[in-house]
Amino acid sequence: MRLCITTATTEAPARLDRRFGRSPFLTFVDTETNETQIEENSLADGASGVGAQVAQLVAQRGATAVITGQIGPSAFAVLDAAEIATYTTTATTVAEALTLFREGRLDSAQAPTGPGHHGGSRPR
Amino acid sequence: MTVVVASGKGGTGKTTVSIGLALSLDRPVDLLDCDVEAPNTHLLLPNAELDLASAQETNRCTVPVPRVNPDRCTGCGACSAFCGFGALAVVRNRVLFFEDLCHACGGCALVCPEGAITEVPHEIGTVVTSRYGQVHHVLGELHVGQTLAPPLIRAVKERADGLTTIIDAAPGTTCPVVEAARGADAGLLVTENTPFGLHDLALAAEVLADLGIPTGIVLNRAGIGHEDEERLKAVSRRFGFPIVMRIPFSSAIARAYAEGRPIVSAVPGLRTGFRGVYDELTRMARSASGAASGARS
Ligand code: SF4
Ligand code: SF4
């Protein structure tokens, strides 16, 4: 499966960014081959709707699971519609988050963890 | 003439000044409450009938937002790619629409190659109209959770039907302030002489100066002490905005304010003061438009 981890810094040890949407990088990991791609998040500085747009991008990249710290309602709704599972963690590095995921120790989020930044948007 | 009343921050007495001015002019006045996120002119007008429930007329203000016909949509993503506000996301051939991000620009419906998007009205607020003596009072109120103030502000402004219009703008320097002020012939900036007050005054002055609106400064609660007259004058000089009125700090005014009565009925002489301000603004607006047409010719 293809995983997406919100990433703050890329030099080792790469740090996990707790925010879904505004993280400067997105790390994609293929859990079978361990192949890793780091993509700069070109949407991070957008003025509005960043969470939903990044969620759309993650879906376009073919990820089926996301690991992040916290996620707002719009992003969650898009990931949910794309049938992408969201796992939240307090891990501080990408490697640590991956290990926890592999060991099955991450909980999948059933609901957004925060109100979002524009009042909490839900799609129609 | 249209006068916009603005302030750098809330709580300076902006609404008190708007109403004071409206009630002082001996003629029909359109008083437009364009502070649509927190309208309060109705609370300070001196009659109970003017509360929102018993208004003469309430109109719903809607904006057109997209609705996707799933039978036509192919999930191509053109609408989402177009929307600069991130209000549309397309995943698994399904369009998700985030209404509170939509600016009702209509672009997505235009770019959809399948004609799958139609526009449906979405209510963002109400426009309430009532009359008090010579004052034709129009108030816009955004619904809770709605953020699209400019279309509602335009709807309020469209209701002005007389020769004299006073616009109560939101405090601050945000885009609703620009929308409220746009097209005004003259402006009033209400401030207090405190360090924060003067700082925010300069920011608000910049907005009105950018819009080319000749503006006078009203110093409210004058004489409370610790005032920095030099700094106030510096702001006034920098923008060429004269200080047109000083409303003293007085217990009569404070009491009227606390009781929700307009200050012009509480303090003798204020009416004359406001009329003087209006005359001064009229002169300023005339010479500004004269200068503008002179520059054009
Ligand atoms: S109307 Fe404009 S702002 Fe609203 S969803 Fe369509 S493109 Fe985006
Ligand atoms: S542009 Fe039209 S067809 Fe394409 S995804 Fe949007 S609604 Fe569907």
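# Exercises on a predicted two-chain model

E39(A) has a relative accessible area of 21% and is partly exposed; buried means under 20%, exposed over 50% and partly exposed in between, with a 1.4 Å probe and protein chains only. The model is predicted: local features need pLDDT of at least 70, side-chain atom pairs count only at pLDDT 80 or more, and totals for chains, interfaces and linings use all residues. Residues are numbered from 1 along each chain as its sequence is written, chains are lettered from A and ligands numbered from 1 in the order in which they are written, and side-chain values use heavy atoms, with hydrogens and water left out.

## Exercise 1

Step 1. A salt bridge is a side-chain nitrogen of Lys or Arg within 4 Å of a carboxyl oxygen of Asp or Glu.

Step 2. Helices (H or I, at least four residues) and strands (E, at least two) are DSSP runs, numbered from the N terminus.

Step 3. R61(A) counts as partly exposed, at 32% relative accessibility.

## Exercise 2

Describe the salt bridge of E192(B) and R221(B), and state whether each residue is buried or partly exposed.

Step 1. The two side chains meet at 1.9 Å, N to O.

Step 2. E192(B) belongs to strand β9 (residues 186-192) and R221(B) to strand β10 (residues 215-222), 29 residues apart in chain B.

Step 3. E192(B) is buried at 11% relative accessible area, whereas R221(B) is partly exposed at 25%.

## Exercise 3

Explain the spacing of E280(B) and R283(B) along their helix.

Step 1. E280(B) and R283(B) form a salt bridge, their closest N and O atoms being 3.1 Å apart.

Step 2. Both residues lie in helix α11 (residues 270-296) of chain B; because they are three residues apart there, about one helical turn separates them.

Step 3. E280(B) is partly exposed, with 27% relative accessibility.

Step 4. For the whole structure, the count over all chains is 15 salt bridges. K14(B), D35(B) and D168(B) are joined in a network of them.

## Exercise 4

Describe the interface of chain A and chain B by its contacts, area and pairs.

Step 1. Contact means heavy atoms within 4.5 Å. Chain A contributes 18 residues in contact with 20 residues of chain B.

Step 2. The buried area (accessible area, 1.4 Å probe, that two parts lose on being put together, summed over both) is about 1500 Å², and carbon and sulfur atoms give 52% of this area.

Step 3. One salt bridge is found across the interface. R92(B) and E83(A) form a salt bridge, with closest N and O atoms 3.2 Å apart.

Step 4. On the side of chain A that touches chain B, the elements giving two or more residues are α1 (50-60) and α2 (73-81). The residues of this side comprise seven nonpolar, eight polar and three charged. Here Ala, Val, Leu, Ile, Met, Phe, Trp, Tyr, Cys and Pro count as nonpolar, Asp, Glu, Lys and Arg as charged, and the others, Gly among them, as polar.

## Exercise 5

Name the nearest residues around ligand 1 and the closest around ligand 2, and sort each shell by class.

Step 1. A residue is near a molecule if one of its heavy atoms lies within 4 Å of it. Around ligand 1 there are 13 residues, and C83(B), C102(B), C105(B), G106(B) and C108(B) come nearest.

Step 2. The shell of ligand 1 has eleven nonpolar, two polar and no charged residues.

Step 3. Ligand 2 is surrounded by 13 residues, the closest being C73(B), C76(B), G77(B), C79(B) and C112(B).

Step 4. The shell of ligand 2 divides into nine nonpolar, three polar and one charged.

## Exercise 6

Characterise T164(B) and then chain B as a whole.

Step 1. T164(B) lies in the loop between α5 and β8 (165-168). At 3% relative accessibility, T164(B) is buried.

Step 2. Leaving aside neighbours within four places in sequence, the contacts of T164(B) include M1(B), L25(B) and Y278(B).

Step 3. Chain B has eleven helices and eleven strands. Of its 297 residues, 52% count as buried.

Definitions and conventions. Polar contact = N/O pair within 3.5 Å; in protein donor to acceptor, adjacent residues only side chain to side chain.
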